[in-house]
Amino acid sequence: MAPDDVAAHIELLRKTPPRTPIKYFGPKDRVHDGRWCGFEVSPADGEERICFELRRGETRKLTIAHALKIRLTGESESGGTLQARTVRTSPLLQALVGGPAALSLATTKRCDVVLVGTLAALEQDMCEESLFPSGGPDEARSGVLQDLARVQQFREAHRFYRSAAISSSAEPASAHRELVPKVAVLDGGRAFLRYRHLWPSAHKLVVLDRSTISAEDASAELAQDMAYAAEDTELSWRLVVPDGIEFAAFTEAA
């Protein structure tokens, strides 16, 4: 669902049970904790309103046109006292997706991406390397990959996240099997061999370093998958691949 799709957002709210945790985006980047109440028709003008609770006993009502000011947090229940705070989002994130979408990304949780690899190396890549939007270095709009990926195990994303990281040295656990990511990044031969079958509906990005011990077995398995693959995807001609990197894109056979 696009961040500005009002109709789809309203349909989502109609299916939302009462007391589901929500965020209300007020003026000046003020974000309020709240609980969803539902829809009601105003006796004064017959117009439908969206209703939500901000503090105990305080119910707010907005017209349908303001539905995007209400966002589900992705949590099953709200913890503790309902509060309000000012949220400052990453300049890089704002430059890439816009202010409202950046605010929504930073205040909701959903596991869209799973990264499997060496956690220390992943964290360094996510949190230490500066990135800039197109147009050259601009400190005013700089950030790090963590601002975009929001990996739960790394800084500033423990409660509200969009990605999860798993150590490739760990055997798959039941909690890992329950995840339903849209994308799985398998960094290294060990990650690929252990987790390749775990999320069958996810797109997979496999990164192999030929110099590592596990790369040979992983490359053989990957080559076998390619032998039975469906047609090549358009990624094979859309991406510019750096020198020294082998690249292949394919659709797994059903």
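The largest pocket of this predicted model holds about 1400 Å³ of space. A pocket here is an open set of points on a 1 Å grid over the protein atoms alone, where a 1.4 Å probe fits, with protein on both sides within 12 Å along at least five of seven lines; lining residues have an atom within 4 Å of a point. Grid points are joined across faces, edges and corners, and the volume is the space filled by probe spheres set on the points. The lining has 31 residues, and Lys204, Leu205, Val206, Leu222 and Ala248 are the closest to the pocket centre. Strand E12 (203-207) and helix H8 (215-227) are the elements that give two or more residues to this lining; helices (H or I, at least four residues) and strands (E, at least two) are DSSP runs numbered from the N terminus. By type, the lining residues are 18 nonpolar, 6 polar and 7 charged, where nonpolar covers Ala, Val, Leu, Ile, Met, Phe, Trp, Tyr, Cys and Pro, charged covers Asp, Glu, Lys and Arg, and polar covers the others, Gly among them.

Residues are numbered from 1 along each chain as its sequence is written. Local features need pLDDT of at least 70 and side-chain atom pairs count only at pLDDT 80 or more, while totals for chains, interfaces and linings use all residues; side-chain values use heavy atoms, with hydrogens and water left out.

Trp36 and Phe39 pair edge-to-face, at 5.5 Å centre to centre and 75° between the planes. Trp36 is buried at 2% relative accessible area, whereas Phe39 is partly exposed at 23%. Tyr195 and Trp199 are stacked because their planes meet at 15°, with ring centres 5.9 Å apart.

Note on methods: Phe/Tyr/Trp six-rings, centres within 6.5 Å; stacked < 30°, edge-to-face > 60°. Buried < 20%, exposed > 50% of the residue type's maximum accessible area, 1.4 Å probe, protein only.
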